[in-house]
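Walk through this fold from the whole chain down to one residue. Keep the viewer open as you read.

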Amino acid sequence: MYNLKKLFSLIVLFLVVLMSHTTIAVADESVIDITQTTCRDLLLADSDEQSHILVFHHGFVAGSDNKTSISIDTLALQTEEIKNRCIDNPAEVLMKTFMAIKSEDTSNE
């Protein structure tokens, strides 16, 4: 079952990456501004919603770097780092957290 969830998450991630440059008109009440989503929002979300938020943000960051593949191990490590940082900084904008973790990982390469 774990592998099925992992596969589903990867499929969603790659779809987000592929569609990251597509603009879709959406009614104002259903628009989510990811530059305003905070760590607190992530931590208060239920398990499924947390997974969707994390997969979307990972896909967005990968898409912005024009990456089409991501190491599952790296993704898991980054996710844990992001959650830990969010626990320590719940008011921080989630995208800032993602970029900080990405920056740390890039400097360690």
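What follows moves from the chain to a helix pair and then to a single side chain.

This is a predicted model: local features need pLDDT of at least 70, side-chain atom pairs count only at pLDDT 80 or more, and totals for chains, interfaces and linings use all residues. Residues are numbered from 1 along each chain as its sequence is written, and side-chain values use heavy atoms, with hydrogens and water left out.

The protein chain has five helices and zero strands. Its pattern along the sequence is α-α-α-α-α. Helices (H or I, at least four residues) and strands (E, at least two) are DSSP runs, numbered from the N terminus. Of the 109 residues, 30% count as buried, meaning under 20% relative accessible area with a 1.4 Å probe, protein chains only.

Helix H3 spans residues 47-64 and helix H4 residues 72-88; they pack at an angle of about 115°, with axes 12 Å apart. Axes are lines fitted to C-alpha atoms, for helices over the stretch in contact, and angles run from 0 to 180 degrees between N-to-C directions. H3 and H4 are therefore roughly perpendicular, a label for angles of 65 to 115 degrees. Gln50, Leu54 and His58 of H3 meet Leu75, Gln78, Thr79, Ile82 and Lys83 of H4 in the contact. Contact means heavy atoms within 4.5 Å.

Is histidine 57 buried or exposed? Histidine 57 sits in helix H3. Its relative accessible area is 3%, so histidine 57 is buried. Leaving aside neighbours within four places in sequence, histidine 57 contacts Ile34, Leu94, Met95 and Phe98.

Key
Angles under 35 degrees count as roughly parallel, over 145 as roughly antiparallel, 65 to 115 as roughly perpendicular and the rest as oblique. Buried means under 20% relative accessible area, exposed over 50%, partly exposed in between (1.4 Å probe, protein chains only).
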